[in-house]
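Dear colleague,

I am passing on the structure below, and I would be grateful if you could read it alongside the notes that follow.

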Amino acid sequence: MQLNKKQRAELKMKYDGHCAYCGCELGDKWHADHIEAVDRVLAWCPKRGVKSTGEMHKPHLDTIENLNPSCVPCNINKHSMSLESWRKSIEHYRDVQLLRDSTHARHLHRFGLIEIKPDPVVFFFEKRGASDQHLTR
Ligand SMILES: [Zn+2]
(Lines give C-alpha, C1' and ligand atoms only; values in the text may rest on other atoms or scores of the structure.)
Protein backbone atom coordinates (compact mmCIF):
# COMPACT_ATOMS: atom_id res chain seq x y z
CA MET A 1 0.00 0.00 0.00
CA GLN A 2 1.08 3.54 -0.60
CA LEU A 3 1.61 5.04 2.83
CA ASN A 4 1.06 8.75 3.31
CA LYS A 5 3.65 10.76 5.25
CA LYS A 6 1.80 10.41 8.55
CA GLN A 7 1.33 6.64 8.19
CA ARG A 8 4.99 6.20 7.24
CA ALA A 9 6.13 8.23 10.27
CA GLU A 10 3.84 6.19 12.52
CA LEU A 11 5.04 2.89 11.04
CA LYS A 12 8.66 3.92 11.64
CA MET A 13 7.77 4.41 15.31
CA LYS A 14 6.06 1.00 15.64
CA TYR A 15 9.21 -0.16 17.47
CA ASP A 16 10.37 3.30 18.51
CA GLY A 17 12.40 3.88 15.36
CA HIS A 18 14.06 0.46 15.28
CA CYS A 19 14.06 -2.25 12.62
CA ALA A 20 11.42 -4.82 13.61
CA TYR A 21 13.83 -7.63 12.83
CA CYS A 22 17.44 -6.87 13.79
CA GLY A 23 16.64 -3.93 16.08
CA CYS A 24 19.06 -1.43 14.52
CA GLU A 25 18.04 2.20 14.65
CA LEU A 26 16.39 3.26 11.39
CA GLY A 27 17.83 6.23 9.54
CA ASP A 28 16.24 8.11 6.66
CA LYS A 29 16.33 5.10 4.36
CA TRP A 30 14.18 2.21 5.56
CA HIS A 31 11.56 -0.08 4.07
CA ALA A 32 7.96 -0.91 4.95
CA ASP A 33 8.14 -4.73 4.93
CA HIS A 34 5.10 -6.91 4.31
CA ILE A 35 5.32 -9.36 7.23
CA GLU A 36 3.41 -11.92 5.19
CA ALA A 37 4.55 -11.43 1.59
CA VAL A 38 2.16 -10.09 -1.02
CA ASP A 39 4.13 -12.07 -3.66
CA ARG A 40 4.81 -9.69 -6.52
CA VAL A 41 4.01 -10.80 -10.05
CA LEU A 42 7.20 -11.44 -12.02
CA ALA A 43 7.55 -10.95 -15.73
CA TRP A 44 10.32 -11.51 -18.23
CA CYS A 45 11.81 -8.37 -19.70
CA PRO A 46 14.24 -8.96 -22.58
CA LYS A 47 16.48 -6.06 -21.51
CA ARG A 48 16.37 -6.52 -17.72
CA GLY A 49 15.64 -10.23 -17.13
CA VAL A 50 12.99 -11.32 -14.61
CA LYS A 51 11.50 -8.26 -12.93
CA SER A 52 8.55 -7.49 -10.66
CA THR A 53 5.61 -5.86 -12.38
CA GLY A 54 4.56 -4.28 -9.06
CA GLU A 55 1.27 -6.23 -9.13
CA MET A 56 0.55 -8.59 -6.22
CA HIS A 57 -0.62 -12.19 -6.13
CA LYS A 58 -2.03 -11.57 -2.61
CA PRO A 59 -3.27 -7.95 -2.58
CA HIS A 60 -5.47 -8.70 0.47
CA LEU A 61 -2.23 -8.79 2.51
CA ASP A 62 -1.36 -5.23 1.53
CA THR A 63 -2.60 -3.66 4.78
CA ILE A 64 -0.96 -1.44 7.38
CA GLU A 65 -1.40 -4.21 9.97
CA ASN A 66 0.79 -6.46 7.80
CA LEU A 67 3.64 -3.94 7.62
CA ASN A 68 6.76 -3.75 9.76
CA PRO A 69 9.45 -1.07 9.67
CA SER A 70 12.62 -2.72 8.39
CA CYS A 71 16.19 -1.69 7.67
CA VAL A 72 17.11 -2.12 4.01
CA PRO A 73 19.43 -5.16 4.53
CA CYS A 74 16.77 -7.05 6.56
CA ASN A 75 14.05 -6.31 4.02
CA ILE A 76 16.22 -7.39 1.09
CA ASN A 77 17.38 -10.53 2.90
CA LYS A 78 13.87 -11.51 4.05
CA HIS A 79 12.55 -10.90 0.53
CA SER A 80 9.25 -12.80 0.25
CA MET A 81 10.02 -15.41 2.92
CA SER A 82 7.68 -16.07 5.81
CA LEU A 83 9.12 -15.19 9.22
CA GLU A 84 9.68 -18.88 10.00
CA SER A 85 11.42 -19.55 6.68
CA TRP A 86 13.60 -16.49 7.17
CA ARG A 87 14.44 -17.57 10.73
CA LYS A 88 15.55 -20.99 9.40
CA SER A 89 17.54 -19.29 6.65
CA ILE A 90 19.45 -17.16 9.19
CA GLU A 91 20.14 -20.27 11.28
CA HIS A 92 21.42 -21.96 8.13
CA TYR A 93 23.89 -19.08 7.49
CA ARG A 94 25.20 -19.58 11.01
CA ASP A 95 25.14 -23.38 11.24
CA VAL A 96 26.25 -24.29 7.71
CA GLN A 97 27.24 -21.50 5.38
CA LEU A 98 29.41 -19.08 7.39
CA LEU A 99 32.37 -21.34 8.15
CA ARG A 100 31.92 -23.37 4.96
CA ASP A 101 31.80 -20.43 2.56
CA SER A 102 33.99 -17.73 4.14
CA THR A 103 37.73 -18.25 4.40
CA HIS A 104 37.94 -15.04 6.42
CA ALA A 105 35.30 -16.25 8.89
CA ARG A 106 37.08 -19.64 9.25
CA HIS A 107 40.36 -17.86 9.92
CA LEU A 108 38.82 -15.51 12.50
CA HIS A 109 37.06 -18.49 14.12
CA ARG A 110 40.35 -20.47 14.31
CA PHE A 111 41.99 -17.55 16.06
CA GLY A 112 39.10 -17.27 18.50
CA LEU A 113 38.24 -13.80 17.23
CA ILE A 114 34.63 -14.61 16.42
CA GLU A 115 32.24 -16.77 18.35
CA ILE A 116 29.25 -18.50 16.80
CA LYS A 117 26.41 -18.67 19.30
CA PRO A 118 23.87 -21.51 19.16
CA ASP A 119 21.15 -19.16 20.43
CA PRO A 120 17.72 -19.19 18.79
CA VAL A 121 17.07 -16.47 16.21
CA VAL A 122 14.73 -13.99 17.91
CA PHE A 123 13.48 -10.98 16.00
CA PHE A 124 13.52 -7.59 17.72
CA PHE A 125 9.73 -7.29 17.65
CA GLU A 126 9.48 -10.64 19.47
CA LYS A 127 11.65 -9.36 22.31
CA ARG A 128 9.50 -6.31 22.83
CA GLY A 129 5.94 -5.38 22.03
CA ALA A 130 4.79 -3.04 19.31
CA SER A 131 3.60 0.45 20.04
CA ASP A 132 1.24 0.41 17.05
CA GLN A 133 -1.99 1.34 18.82
CA HIS A 134 -1.86 4.74 17.16
CA LEU A 135 -1.41 3.60 13.54
CA THR A 136 -3.60 5.51 11.12
CA ARG A 137 -5.61 3.06 9.02
ZN1 LIG B 1 17.20 -4.91 10.30
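Over the ring of which residue does the charged end of Arg8 sit? The ring is that of Trp30, and the charged end of Arg8 lies 3.9 Å from its centre; a charge sits over a ring if NZ of Lys or CZ of Arg is within 6 Å of the ring centre and within 35 degrees of the ring normal.

Please keep in mind that this is a predicted model, in which local features need pLDDT of at least 70 and side-chain atom pairs count only at pLDDT 80 or more, while totals for chains, interfaces and linings use all residues. Residues are numbered from 1 along each chain as its sequence is written, and side-chain values use heavy atoms, with hydrogens and water left out.

The zinc site

The zinc ion is coordinated by the SG atoms of Cys19, Cys22, Cys71 and Cys74, at 2.3 to 2.4 Å (donors are N, O and S atoms within 2.8 Å of the metal, or 3.2 Å for Na, K and Ca, and sites may look incomplete because water is not among the atoms). The arrangement is tetrahedral because the four donor atoms subtend angles of 100 to 114°, where four donors count as tetrahedral if all angles lie between 85 and 135 degrees. Along the sequence, the donor residues follow the spacing C-x2-C-x48-C-x2-C. Cys19, in the loop between H1 and S1, and Cys74, in helix H2 (residues 72-78), are 55 residues apart, and the pair links distant parts of the chain (helices, H or I of at least four residues, and strands, E of at least two, are DSSP runs numbered from the N terminus). Both Cys19 and Cys74 are buried, that is, under 20% relative accessible area, with exposed meaning over 50% and partly exposed in between (1.4 Å probe, protein chains only).

The aromatic pairs

A search of the whole structure finds six aromatic pairs; rings of Phe, Tyr and Trp (its six-membered ring) pair if their centres lie within 6.5 Å, and planes under 30 degrees apart count as stacked, over 60 as edge-to-face and the rest as tilted. Among them is the edge-to-face pair of Tyr21 and Trp86, at 5.2 Å centre to centre with 85° between the planes. Tyr21 lies in the loop between helix H1 (5-12) and strand S1 (31-34) and Trp86 in helix H3 (residues 83-101), 65 residues apart. Tyr21 counts as buried at 3% relative accessibility. Tyr21 also forms an edge-to-face pair with Phe123, at 5.7 Å centre to centre and 80° between the planes. One aromatic cluster is formed by Tyr15, Tyr21, Trp86, Phe123 and Phe125.

With kind regards

Methods:
Tetrahedral: all angles 85-135°; square planar, octahedral: opposite > 155°, others 65-115°.
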